[in-house]
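Reader: I would like to learn how to read the contacts between two chains. Could you take me through them step by step?

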Amino acid sequence: MNSLNTVFSRTPLAGCYPLVSRAAASILLAVFAAGGMAHAADEFKATPYHEVQAGVPVGTITKYTNWTSTVFTNTVRDWWVYVPAQYRAERPACVMVFQDGHDYVAPKGSWRVPIVFDNLIAKGEMPVTIAILINPGHNPASPAPKNPWGVSNRSYEYDSLGDRYARFLLEEILPEVSKKYSLTTDPAGRAICGASSGGICSFTVGWERPDQFRKVLSTIGSFTNIRGGHVYPALIRKTERKPLRVFLEDSSGDVDNQFGSWWIANQQMAAALKFQGYDYKTDFVEGYGHNSKHGGSIFPDALKWLWRDYAK
Amino acid sequence: MKHLRSLSVVVALLLVSPVLRGAEDYKFGPDSFPQAAVPAGTIEKFSWKTSTLYPGTERDYWVYVPKQYDEAKPACLMVFLDGASYVSTNGQFRTPTVFDNLIHKKEMPVTIGVFINPGNIPPAEPGQKGRSNRSYEYDSLGDLNVRFILEEILPVVGKQWNLTKDPAGRATAGISSGGIGAFTMAWERPNEFGRVLSQIGSFTNIRGGHVYPALIRKTEKKAIRVFLQEGSNDLDNLHGHWPLSNQDMAAALKFAKYEHQLVMGDGGHSGKHGGAILPDSLRWLWQGYGK
Amino acid sequence: MKTLTHWTLTLLGWVGLTYAAAAQDMPLSMLLLEGEGWQVVSEGHGFVDGPCADAKGNFYFSDMRKPAIYRVAPDGQMTTLVEQPASGLKFGPDGRLYACQGSKKRLVAFELPGGKETVIAEDIQPNDLVVTLKGHIYITETGKKQVTFIDPKTGAQKAADVGITAPNGITLSPDQGTLAVSDFRGQYVWAFRIEKDGSLSAKEPYMTMRTEVDVNGKSEDGRSPVYKPSSNGDGMTTDMQGRYYVATSLGVQVYDPTGRMSGVLPKPSDKAMTSVGFAGPEMEYLYATCADKVFRRKTKARGALYFLPPPPAPVPVKR
């Protein structure tokens with residue numbers, strides 16, 4: 001684990017807590033191999049839900065570029081809207097917001113949201129849901145980041161406690177999407193998802209605005225002290241239960257650094273949700289690391305659980 | 001009547017609480033029994049009813065002085081919170097007996113034990129309850145409790161006995177809220193206390209103590225050696241999850257490169273495991289002192 | 001072992017065992033009923049405050065702006081009692097309704113029904129109050145940073161405590177041995193022992209209130225969250241199990257008798273919550289006054305009434 005820490009603290013992007021930069025990932029693999037810790041099983045496993053299936057209707061993806069935010073002043077960002085083929089204007093669609101949108105929209109990555117959504121919606125395993133996939137902001141004055149994980153405003157937007165990010169969604173993004181599409185206002189029909197700092201960000205949105213978002217999917221969530229997020233288990237135990245449904249994924253190989261132990265922090269989150277009687281589920285596994293290989297593999301299952309009882 | 005009531009509380013607790021969950025077949029070793037030819041120290045009882053830092057509180061405390069104490073040489077010091085349970089010679093800890101044995105075998109230095117009870121604010125009128133000050137003193141973060149001990153209790157003890165000023169020769173100990181209380185004393189005054197023994201420590205959100213792992217990771221390392229005893233069947237309640245929080249503490253101490261040890265048993269929220277391994281815990285805690 | 005006998009030290013071991021039992025844990029599940037949330041009792045007001053109850057469990061509150069003092073019967077029937085403001089209301093053991101009227105710099109008592117008014121004390125600025133079984137009155141004078149003791153017979157005033165930044169809410173333990181005062185501009189609820197003569201001693205910041213994250217705050221390291229220094233700790237109440245309740249900007253914060261937080265019930269409205277109080281046939285409803293609305297929710301708790309003698313034995317808490 002120490003070598004892993006070193007990898008992270010030496011990464012130039014460590015300040016904004018990247019998921020894993022390509023360079024870091026290769027070092028990481030080298031570390032695992034050298035340390036004899038590599039598990040052949042610790043790989044992304046695509047399921048049929050991750051693959052384009054013949055006969056399944058394909059949704060559309062629209063990209064919004066250089067969005068200028070007023071809630072997060074002095075930032076620009078790109079984002080995408082996925083609309084399933086089954087969408088009909090007369091029937092408000094469910095909503096699912098993804099942080100670090102670039103990773104989730106990619107057709108070849110660990111998530112492949114458009115393909116997974118196409119498949120799940122076609123099979124009636126999740127409702128007709130519009131996905132909003134948003135990148136974190138960056139300062140327009142500084143050069144465009146080479147690595148999408150390294151944008152300047154990511155940690156501030158995702159790791160901070162409080163309702164600012166929720167306001168960004170509710171005051172800017174959802175109204176913009178609503179101009180073109182009919183979105184449900186039922187909070188149980190609105191979900192939010194992210195990995196790492198995007199994970200705690202998603203939980204924070206649900207925690208602050210359970211009247212707006214009631215489904216949270218976090219993988220390798222940073223419930224650690226990057227910006228004070230380590231207090232959530234304590235808050236959950238001593239706050240009246242909120243009407244949230246929460247899915248948490250993590251692995252024992254996740255990082256342990258100056259901000260905390262991700263593995264223990266996620267167990268603390270799960271224990272607190274259990275104590276307070278939340279509707280929650282975990283997928284905690286041995287191995288892996290601070291990446292989306294396992295989270296991506298179980299993503300279709302997590303979505304099925306999250307939407308299990310929602311009118312399809 | 002008062003005694004009967006507290007005894008019935010104990011019995012009720014034993015019947016209903018998770019104290020008896022888990023195997024917990026921990027047994028005392030020979031170091032927890034008086035041994036022939038091992039000289040026994042002395043114990044004196046005191047009370048303190050004039051606190052300025054905890055106004056209105058009253059409490060007892062005890063001072064154990066080993067037979068080997070020589071007033072010409074400063075003795076090491078170990079402060080125990082919840083003093084009554086630790087100073088008993090027939091309870092779960094039997095600290096005076098364990099000290100007798102370990103000091104005799106030179107497995108820990110000549111150490112004066114100061115066993116302090118938490119304060120209670122007695123009621124002004126009959127029929128009213130006193131105010132328990134234990135959680136306020138032990139679970140609160142900050143330096144108030146260590147100041148109380150440094151500014152009110154130890155000066156009195158120091159008049160009668162010669163205590164070392166070397167923080168490496170001064171330890172704190174406690175169980176449950178006393179465990180986090182003992183850690184807080186050293187965290188706030190590492191220049192006064194360099195060793196901490198915590199048993200089933202409440203590093204949870206009783207009064208904000210869940211933040212210690214985060215603080216430890218982001219604060220310059222302090223010269224504190226920490227022994228943590230915990231049980232996998234310990235509490236999981238509104239304040240937090242004791243086993244996970246002690247693991248979180250150990251992980252943070254490891255990350256920040258503290259001298260530390262976590263001994264994880266299968267006990268619940270009781271002193272049984274901690275009491276049984278008290279001799280080993282003290283041996284580890286005092287390892288290397290004066291060498 | 002020269003000083004103490006083995007027997008004494010054995011007994012100590014048993015007494016010491018009670019450390020775990022000394023304080024009963026009181027999670028929110030011991031207070032809240034599944035499926036029972038906040039419900040609107042009354043709305044369309046100017047600025048409501050002063051929740052309290054009589055022996056029958058009727059609920060009383062005031063609208064500072066109207067101004068008026070109302071009674072709400074358990075069946076919801078609302079009656080206007082007096083057309084006067086009151087930032088704090090409590091019944092005394094004499095059956096009169098005591099009212100804080102800071103704008104008029106006085107404390108008054110109303111006889112009900114009829115509303116005959118008696119001025120109890122003048123040249124004061126009471127924010128909130130409690131009246132004990134002995135008829136002693138403690139008021140918070142927020143601007144003066146003072147808790148003031150008032151002898152109802154003579155109207156004599158005495159500073160019982162000075163120094164809390166903004167003393168606001170005030171309540172008693174069920175046995176009336178402890179007085180608790182919330183600091184609106186700080187993060188503590190302070191506890192005092194009430195001496196026989198009514199004076200206060202053994203002052204401690206016994207309960208720590210949670211405060212809101214200041215999303216605009218800048219911390220030294222640029223990363224740590226900044227929490228607001230003020231809890232907006234306002235009106236308080238107590239239940240028969242000894243729990244303390246305080247209205248704050250985050251909602252109702254609940255503490256056990258040893259000062260440890262049980263939990264927070266988020267506010268039912270975005271607007272300021274001024275106070276909390278129990279009422280209802282069994283004192284089982286927790287009421288909250290929030291700007292223009294009054295809310296209540298059914299609980300497992302039973303509110304304490306200070307004009308009644310405290311129960312002889314501790315009330316067992318339902319799990």
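Reader: How many residue pairs are in polar contact between chain C and chain A?

Author: A polar contact is a pair of N or O atoms within 3.5 Å; within protein, one must be able to donate a hydrogen and the other to accept it, and residues adjacent in sequence count only if both atoms are side-chain atoms. Between chain C and chain A there are 10 such residue pairs, both partners at pLDDT 80 or more. This is a predicted model, where local features need pLDDT of at least 70, side-chain atom pairs count only at pLDDT 80 or more, and totals for chains, interfaces and linings use all residues. Residues are numbered from 1 along each chain as its sequence is written, chains are lettered from A and ligands numbered from 1 in the order written, and side-chain values use heavy atoms, leaving out hydrogens and water.

Reader: And how many salt bridges are there between chain C and chain A?

Author: Look for a side-chain nitrogen of Lys or Arg within 4 Å of a carboxyl oxygen of Asp or Glu. Here the count is two, and C:Glu34 meets A:Arg241 in a salt bridge at 2.9 Å, N to O.

Reader: What is the area buried between chain C and chain A?

Author: Buried area is the accessible area (1.4 Å probe) that two parts lose on being put together, summed over both. For chain C and chain A that is about 1500 Å², with 45% from carbon and sulfur atoms. C:Arg210, C:Val215 and C:Arg223 supply 41% of what chain C buries against chain A, more than any other three residues.
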